[in-house]
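Student: Could we go through this structure together, asking each time what a label rests on? I would like to see the value set against the cut-off.

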Amino acid sequence: FYRFFHNTRRIKATVIHFQLRYLVWATSDTDVFVMHEKSLYHWDTVKKKSTEILNLSGVVPGRDQDNAHVWPNGCQVSTIVVSDGLAIAGGFYGEIIAKNLNSGKVIYNGWVTNDPNAITNAIDVHQSRTLQVMTSNNDCFVRLFDAGNGSSLTPLKSMGFNWPVNHATRQPDPGSKISCVVGDDTSILLADVESGRILQTLHGHTDYSFATAWHPNGHIVATGNQDCTARIWDIRFPRDAIKVLPARMGAVRCARFSSDGRFFAMSEPADFVHVYDYAGGTFARSQEIDMFGEIGGVAFSPSTQALFVGVSDRTYGSLLEYERIPRTNYTRGLSFL
């Protein structure tokens with residue numbers, strides 16, 4: 001489905017927490033964002049140029065002087081998201097730093113909780129009635145923020161769970177309130193965070209989950225787990241997973257559907273990325289991308305023409321770029337499992 005196109009060692013992902021691997025985002029075929037050390041960088045694939053977007057090694061400017069914070073040892077970034085004109089980083093102590101990429105202003109800079117064990121494990125940006133941001137934290141809460149027109153983040157709602165929340169994403173329908181929530185439990189929850197209601201509990205995994213991804217059709221959701229599988233669920237028929245996709249060696253730490261719904265990608269902690277042809281839910285064909293090093297994240301470009309993999313390694317760390325192969329050439333030179 002995808003073939004190697006380019007590799008650069010001028011930018012690389014830095015993995016701070018071994019279980020959190022959403023550190024690479026693509027907003028176009030040529031615009032990629034990668035977390036390296038304590039800075040968020042933009043990589044232009046055409047100009048082969050990196051630009052620092054956020055530096056979290058010291059003082060981060062806020063909307064005004066009173067909203068600026070000093071991070072004595074820098075903010076240890078655990079996760080990022082770049083979407084809808086916002087770049088947001090989450091930290092080890094419940095920090096959220098959000099920047100409007102159009103205005104260049106930091107619109108939020110602080111902690112979402114005073115709990116000392118509140119790692120920001122994941123961040124989701126979605127369109128509801130307005131643009132909203134959802135955070136998943138180790139203090140067992142999912143929190144909703146209103147991003148409005150991108151000038152500020154205003155707390156809206158929070159929902160508590162019985163275990164640390166590792167990842168949560170909203171169903172891709174502006175009118176929906178359903179979120180898929182996973183954490184330090186074997187169950188998968190479909191929840192309405194705004195009302196605080198659990199809508200459905202899915203069973204099948206045998207360990208903790210750290211990844212969720214919705215298919216664009218809105219009724220298929222994937223979960224990545226430490227039991228070395230990704231499970232595919234149809235929320236209209238939630239009794240059992242419709243597909244179990246095995247990893248080769250390790251946990252599934254990052255999961256993504258392409259924007260056209262054709263492909264599903266999942267990455268292991270190191271060395272392997274798997275790309276599946278959705279094919280109406282059959283996942284009948286797959287491509288295994290083999291590399292060397294810890295994987296900081298995987299991301300499709302919105303057009304699906306590019307696939308990016310962030311490799312975190314002291315010696316071989318890099319950003320790998322793959323290009324989509326025309327469908328008529330799928331069987332030429334590719335090995336499918």
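Tutor: Gladly! Let's begin with a definition: a salt bridge is a side-chain nitrogen of Lys or Arg within 4 Å of a carboxyl oxygen of Asp or Glu. Keep in mind that this is a predicted model.

Student: What makes Arg-143 and Asp-139 a salt bridge?
Tutor: Their side chains meet at 2.7 Å, N to O. The cut-off is 4 Å, so the pair qualifies as a salt bridge.

Student: How do you know whether Arg-143 and Asp-139 are buried or exposed?
Tutor: Buried means under 20% relative accessible area. Arg-143 has 11%, so Arg-143 is buried. Asp-139 is at 9%, so Asp-139 counts as buried too.

Student: How many salt bridges are there in the whole structure?
Tutor: A search finds 10. One of them joins Glu-323 to Arg-3, with the closest N and O atoms 2.8 Å apart.

Student: What makes Asp-277 and Arg-285 a salt bridge?
Tutor: Their closest N and O atoms are 3.5 Å apart. That is within 4 Å, so the label holds. Asp-277 is at 3% relative accessibility and therefore counts as buried, whereas Arg-285, at 29%, counts as partly exposed.

Student: Which residues are linked in a network of salt bridges?
Tutor: Arg-129, Arg-170 and Glu-194 are linked in this way.

Student: How do you know that Lys-99 has no salt bridge?
Tutor: The nearest side chain of opposite charge, Glu-52, is 8.3 Å away.

Student: What does the side chain of Lys-99 reach?
Tutor: The backbone oxygen of Ile-53, at 2.8 Å. Lys-99 sits in strand S10 (residues 95–100), and among the residues it touches are Leu-54, Leu-86 and Val-106.

Student: On to the rings. How many aromatic pairs does the structure hold?
Tutor: It holds 12. In one of them, Tyr-2 and Phe-300 are 5.9 Å apart, centre to centre, with 50° between the planes.

Student: Why is the pair of Tyr-2 and Phe-300 called tilted?
Tutor: Planes under 30 degrees apart count as stacked, over 60 as edge-to-face and the rest as tilted. The angle here is 50°, so tilted is the word. The pair links distant parts of the chain, with Tyr-2 in strand S1 (residues 2–8) and Phe-300 in strand S27, 298 residues apart. Both Tyr-2 and Phe-300 are buried.

Student: What makes Phe-257 and Phe-264 a tilted pair?
Tutor: Their ring centres are 4.9 Å apart and their planes lie at 45°, so this pair is tilted. Phe-257 has a relative accessible area of 11% and is buried; Phe-264, with 0%, is buried as well. Ring pairs also join Phe-257 and Phe-264 with Tyr-276, Tyr-278 and Phe-283 into a cluster.

Student: Why is Lys-48 called partly exposed?
Tutor: Partly exposed covers the range between the buried limit of 20% and the exposed limit of 50%. Lys-48 is at 26%, so it counts as partly exposed. Lys-48 has a positive phi too, of about 55°, although it is not a glycine. Its place is the loop between strand S4 (39–44) and strand S5 (49–55).

Student: Which residues have the most contacts inside the largest nonpolar core?
Tutor: That core has 65 residues, and those with the most contacts inside it include Leu-40, Leu-153 and Phe-264. Strand S27 (residues 286–300) gives the most to this core, with 5 residues. Another core, of 12 residues, lies apart from it, with Phe-161 and Trp-163 among its members.

Student: How do you know that Val-182 is buried?
Tutor: Its relative accessibility is 0%, and buried means under 20%, so Val-182 counts as buried. Val-182 is found in strand S17 (residues 178–183), and the residues it touches include Trp-163, Ile-188 and Phe-210.

Methods
Residues numbered from 1 in each chain as written. Predicted model: local features only at pLDDT ≥ 70, side-chain atom pairs only at ≥ 80, totals over all residues. Heavy atoms only, no water. Helix = DSSP H or I, 4+ residues; strand = E, 2+ residues; numbered from the N terminus. Buried < 20%, exposed > 50% of the residue type's maximum accessible area, 1.4 Å probe, protein only. Lys, Arg positive; Asp, Glu negative; His and termini not counted. Polar contact = N/O pair within 3.5 Å; in protein donor to acceptor, adjacent residues only side chain to side chain. Contact = heavy atoms within 4.5 Å. Core = buried A, V, L, I, M, F, W, Y, C linked by side-chain atoms within 4.5 Å. Phe/Tyr/Trp six-rings, centres within 6.5 Å; stacked < 30°, edge-to-face > 60°. Lists of a residue's contacts leave out its neighbours within four places in sequence.
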